[in-house]
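Please take a moment to look over the sequence and the model before reading on, and keep both in view while the paragraphs below lead you from one part to the next.

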Amino acid sequence: MIQRPTGETVADRWDKALDVQARKEILLDFGLRVTLFPAGAPVRYVVGVMHGPERNPSGTP
C-alpha cells in the first residue's frame with residue numbers, strides 16, 4: 001500500500017459527502033465508534049469497556 005497526500009482535509013470530505021451514509025463511511029475509515037445512550041438511562045456502559053474511576057486509578061487523564 002502506498003499513501004499519498006491528496007491535499008484534501010477531513011472537513012473537505014465531510015462537506016462533499018452526499019448523504020448520511022457517505023459521512024458514516026468517513027467515520028468508519030477512521031475507526032470511530034459512537035455509542036449513544038438515552039438521557040434517562042440509569043446505567044450507561046458498554047460491555048468489554050472499563051468505565052469510571054477504575055479505568056484510571058491515578059486520576060490523571
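**From one residue to the whole chain**

Asp 29 has a relative accessible area of 55%, and because anything over 50% counts as exposed, Asp 29 is an exposed residue. Bear in mind from the start that this is a predicted model, in which the protein chain has 2 helices and 0 strands.

What does Asp 29 form a salt bridge with? The partner is Arg 13, and the closest N and O atoms of the two residues are 3.0 Å apart. This pair links distant parts of the chain, since Arg 13 belongs to helix α1, which covers residues 10-16, while Asp 29 belongs to helix α2, which covers residues 20-29, and the two residues are 16 residues apart. Arg 13 has a relative accessibility of 30%, so it counts as partly exposed.

In total, the count comes to 2 salt bridges. The other one to look for joins the side chains of Glu 8 and Lys 16, with a distance of 3.2 Å from N to O. The two partners can be described by their accessibility as well: Glu 8, at 35%, counts as partly exposed, whereas Lys 16, at 59%, counts as exposed.

Now move to the loop between α1 and α2, where Ala 17 has its place. Is Ala 17 buried or exposed? Its relative accessible area is 16%, and because buried means under 20%, Ala 17 is a buried residue. If residues up to four places away in sequence are left aside, Ala 17 touches Ala 22, Arg 23 and Ile 26. For the chain as a whole, buried residues make up 7% of the 61 residues.

Rolling a probe the size of a water molecule over the atoms shows where empty space is left. Which residues line the largest pocket? They are Gln 3, Arg 4, Pro 5, Thr 6, Glu 8 and Arg 13, and the volume of this pocket is about 180 Å³. By type, the lining divides into 1 nonpolar, 2 polar and 3 charged residues.

Definitions and conventions:
Residues are numbered from 1 along each chain as its sequence is written. This is a predicted model: local features need pLDDT of at least 70, side-chain atom pairs count only at pLDDT 80 or more; totals for chains, interfaces and linings use all residues. Side-chain values use heavy atoms; hydrogens and water are left out. Helices (H or I, at least four residues) and strands (E, at least two) are DSSP runs, numbered from the N terminus. Buried means under 20% relative accessible area, exposed over 50%, partly exposed in between (1.4 Å probe, protein chains only). On a 1 Å grid over the protein atoms alone, a cavity is a set of points where a 1.4 Å probe fits but cannot get out, and a pocket is an open set with protein on both sides within 12 Å along at least five of seven lines; lining residues have an atom within 4 Å of a point. Grid points are joined across faces, edges and corners, and a volume is the space filled by probe spheres set on the points. Ala, Val, Leu, Ile, Met, Phe, Trp, Tyr, Cys and Pro count as nonpolar, Asp, Glu, Lys and Arg as charged, and the others, Gly among them, as polar. A salt bridge is a side-chain nitrogen of Lys or Arg within 4 Å of a carboxyl oxygen of Asp or Glu. Contact means heavy atoms within 4.5 Å.
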